[in-house]
Amino acid sequence: MSTTTYIDPSRLEAIGSTHLRARSVVEGVITGLHRNPHKGSSVEFAEYKEYAPGDELRHIDWRAYARVDRYYVKQFEDETNVRGYLLLDASGSMSFSFEDAPTKLMYGSTLLASLAWIMLKQGDAPGIMTFDERPGNWLPPSSRRTQIEDICRVLDEAPGSGRTSIPSALSRIAERVYARSLVVLVSDLLDTSDEMLTIAKVLRRRGMEVVIFHVLDRAEWELPYEGLTIFEGMEGEEELLVEPDDIRSAYQAELRAHCDRIQAACTSSDIEYFRTLTDQPIEGVLLKLLRGRLKK
Amino acid sequence: MRFLNPILLAGLAAVFLPIVIHLINRRRAVRVAFPALEFLRRSQKEQARRLKIKQLLLLLARISIFLLLPLAMAQPYMLCGAQGQSAGDRLPTSIVIVIDDSASMSWSRSGDTLLEVARARAQRVVRGMRSWDRAAVIFAHDPPSIVVGDLTGDRGILQRAIRSEPASFGGSDLPSALLLAREIQLDSELSAKRTVVITDDTAAAWSDRVTNPSQLAGLGDVEVIRVSPERAMRNSAVIALDYSEAAEGGAGNYEVTATIESWGYDGESEVEATLLVDDRPVGTTPVEIPADRPGTVTFTHRFDDNGLFRVAVSIEEPEGASADNTRYLPIHLDRSIRALMVNGDVRSVQYNDELFYLERALGARVGEVRAVDTDIVAPERFVSADLSAYDVVILANVAVMPVSQVQRLVEFAEEGGGILLSGGDNVDAERWSSIYADLLPKPVRSVSVLCDPNDPDANIKATRLAALDVTTPIFRVFSLPGGESIQSARVFTYLLLEPTTDESVRTLASYADGGPALLERRIGRGRVLLWTTSIDFDWTDLPIRTAYLPLMQRMVQYLARRGADASDQAVLGERVSIDVESMGAERVEVHDPDGERHVIDVVAGSAGFVPQRAGHHRVFVSASGRDTEVDALSFAANLPPSEHDPAVVAGADRDRFIDAAVGARGADGAVVDVPENRARTWPVLLFLLLVVIYAESLLAVRRRFWQRLRGRRGAESADAL
């Protein structure tokens, strides 16, 4: 598919509403490319599972109980009720943009709104949480038709300021999510600690699908500045006076090493990792995700 | 350095621009909000040092650009030529090094002598020569000697010459040395000329022997290197040495008197003086030297044998020139005194004869040897007398003498002979004054007759010798106990003299009534004594007194011509004529104090020799194929008096001399002046400017180059996402 059919990210900002931006993106994405791999309450039986508190009593197979004197719950092929926990990094660093590119926050918001839209179309239940240093607005997953409006509202209210703490957000999600959920994280991942990856791995081991969208601005990737420059941190760091030309190569090497380390950690933990720049079409990123899931 | 467009140097003010811009740029750095600050910080740590160096280099390069640009535009140049200061910088140069090695250069305080310092400075000049320069070396003693006369670029030869030339420590003659230097410079084909004079800059060194400074034209640039210290130099020197028979101790006892002078001392100074006889120290004594006049020290020494004794007096001083600390004097004791007595009043009765008493007094034996060998001649036979065979001529009551003979006597005195004139009845005051005018210390006015010897009141009327100059060897003996017997002699008649202002005349003795008794006049190297009363019994009864014999003997000894004394010693650098006519010598060989032999041809009966070393010189005469040492011809050479004073010549005086000499260049047309030539230096500055601009461009443009390259890489990387 040619990327020219996609919306130019630089034009996204002109579309004021996140809802409209998401809709524009979704229109460009082929819907229903994926099957829900999770088991749920479907008419097509899949397997038994030993009863645990919280399981619906109506799914208990009483015949099986009669035979083996244990409670088993029936599980079915279910294509409609995947719970999606969409996490958006709304810290200060996400407000960065260079020249015509949208901010990473806008790019991430549109990406998640588009994804939520697609999930709702498929009958899944997307939820949303924004976070900075602490977990922010939280909208539980739901498949209601009005869910997309609520998600867009939460995304529009994302502050785009403050420090980042991905581990605290993931920890909060870990407390709330059910098994067989989809956790999608959108962040610039500039936190160099390993705690985030550790929690993501825990989530994955608990049976959740974890998808990470690593969003970067091209200016962050290439450091295109010239002349003596005072760089001011966006999350309260001390300013730094440097000649970008002199440190460009070293900077790029550092950043690439950081990204590669995250990617390697994700791959080894079966976490889906997508790195994208804010000047790249969102549709392309979503399709990459959806195609990947169809193959499973 | 000069500039064609000096006004453009105002552009140098712009040299501060890069600094100001640099500082402003730092303040005007673009502020950018950037999220990945942690990665920037990590990278910046590694690059910080390199960044600082690069920024410093850039700043320096930009400053250099603003410095070099106005300098180059002002078009600087250097003058190369006669009036420029750098002809020697550009052209092959002939360098003549003139080293003063006179006695004053032997001065030292505690370390090296000035001459050693001068040699070191000369070596430095040689080391500073470029491969295309040529040099010669002259030592400026008196007379100066050319050590390396052919201009050479061989540093080995020059350095060896400077090192190996023995110090003369004699007199100095820088002007004559500069004349030699001029000859070398004029012979040189090199257009740039430089004369380096290394000296202690004493007044003696710059003695004005070259009266016409234009004689020195052609020396080129004259550089005077003064090696003497800044503060006043001190020095003590033995300036004179003399000897005489001692009044005490009998025959063979002599007094050697040294005169010592000090310079540079505020008050009295003290040195230790040592008498050396034949190089052996025989006595040492401290000598106090007043600040305003010389001090003297007298050694009494007994010479047991006749013959030649090489005597010297040496002093030890903490600071000063060593060369003048010793003075040399040969003493010949193997020669008896020979006196020719002219009898002006011959009598048949012996005791009435004018010379009866004198002959016996002088003929008295001292041990086995007669004190004086005497010959007596009548006035009319004086013409045929060979005066060179005598040391003393005594004219006793001689009334007249032909003018030619008087002239002979004057010449005899000028050559060192002694003449004693005594009064008597034959003396006519007017005639005497006329005839002996060239000999008499003072003209005779009249004859003063106090009384007749037979007068009963003679004891009262007669006068006596009263005021004696006991500092002279003649009367010194009479200052001793018993010496007063001379005053018992009565004088009945004596010559009255006219007053005179002649400073060479002095009165050695006077009578009690104030009349002169004995007067001395110096003529040339000799002396004339006038005894105003008679030498016999006619005008005085002295001949029958005990004082007569020692007085007469001492007068003759005082007058006697010696082999050498303070007045006829050789001076370093001055020609000595060795008279060997009577010996039939073919050649003469002089052995100097260092043992070096100098063979001299005899011309017209004499051999000329210029001593270069202070000390005793031995003379060998070669006749009939045999070499014989002649003690009588031995002599000692001493320093000229000018070398003793270490006072440094006023710079202005020396500069006037040099300026007069150098300023005369071109007057004789002999010097080839190098025309003024401008050596442009701005092309070099332009070249440097280009280099700096190129370097600045590399430092600055290189950044963009990498930026473009990395831009492609970034794109590739982005695609790789």
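What share of the 721 residues of chain B count as buried? In the predicted model described here, 39% of the residues of chain B count as buried, a residue being buried if 20 or more other C-beta atoms, placed from the backbone, lie within 10 Å of its own, exposed if 12 or fewer do, and partly exposed in between. The model is predicted, and local features need pLDDT of at least 70, side-chain atom pairs count only at pLDDT 80 or more, and totals for chains, interfaces and linings use all residues. Residues are numbered from 1 along each chain as its sequence is written, while chains are lettered from A and ligands numbered from 1 in the order in which they are written.

Chain B holds 14 helices and 39 strands, where helices (H or I, at least four residues) and strands (E, at least two) are DSSP runs numbered from the N terminus. Among the contacts in chain B with a separation of 6 or more, 75% are accounted for by residues 24 or more positions apart; two residues are in contact if their C-beta atoms, placed from the backbone, lie within 7 Å.

Within chain B, helix α4 (residues 114-127) packs against helix α5 (residues 155-164) at an angle of about 170°, and their axes are 10 Å apart. Axes are lines fitted to C-alpha atoms, for helices over the stretch in contact, and angles run from 0 to 180 degrees between N-to-C directions. The helices α4(B) and α5(B) are therefore roughly antiparallel to each other, given that angles over 145 degrees count as roughly antiparallel, those under 35 as roughly parallel, 65 to 115 as roughly perpendicular and the rest as oblique. From α4(B), the residues R119(B), A122(B), Q123(B) and V126(B) meet R155(B), L158(B), Q159(B), I162(B) and R163(B) of α5(B). By class, the residues of this contact are four nonpolar, two polar and three charged, with Ala, Val, Leu, Ile, Met, Phe, Trp, Tyr, Cys and Pro counted as nonpolar, Asp, Glu, Lys and Arg as charged, and the others, Gly among them, as polar.

In chain A, six strands form an open sheet with mixed pairing, in the order β6-β5-β4-β7-β8-β11; two strands pair if DSSP finds at least two bridges between them. Its edge strands, β6 (135-139) and β11 (272-277) of chain A, each pair on one side only, and the twist averages 15° from one strand to the next. Strands β4 (residues 83-89) and β5 (residues 125-131) of chain A run parallel and are joined by seven bridges, and L87(A) stands opposite M129(A) in β5(A). Helix α4 (residues 104-121) of chain A lies across β4, β5, β7 (181-187) and β8 (209-216) of chain A, and runs at about 175° to β4(A).

Strand β9 (residues 229-232) of chain A pairs with β10(A) in the antiparallel sense over three bridges, whereas β9(A) and β2(B) run parallel and are joined by four bridges. The residue F231(A) has L240(A) as its bridge partner in β10(A) and V32(B) as its bridge partner in β2(B).

Across the whole interface, 36 residues of chain A are in contact with 30 residues of chain B. The largest share of the side of chain A that touches chain B, 10 residues, comes from α9(A).
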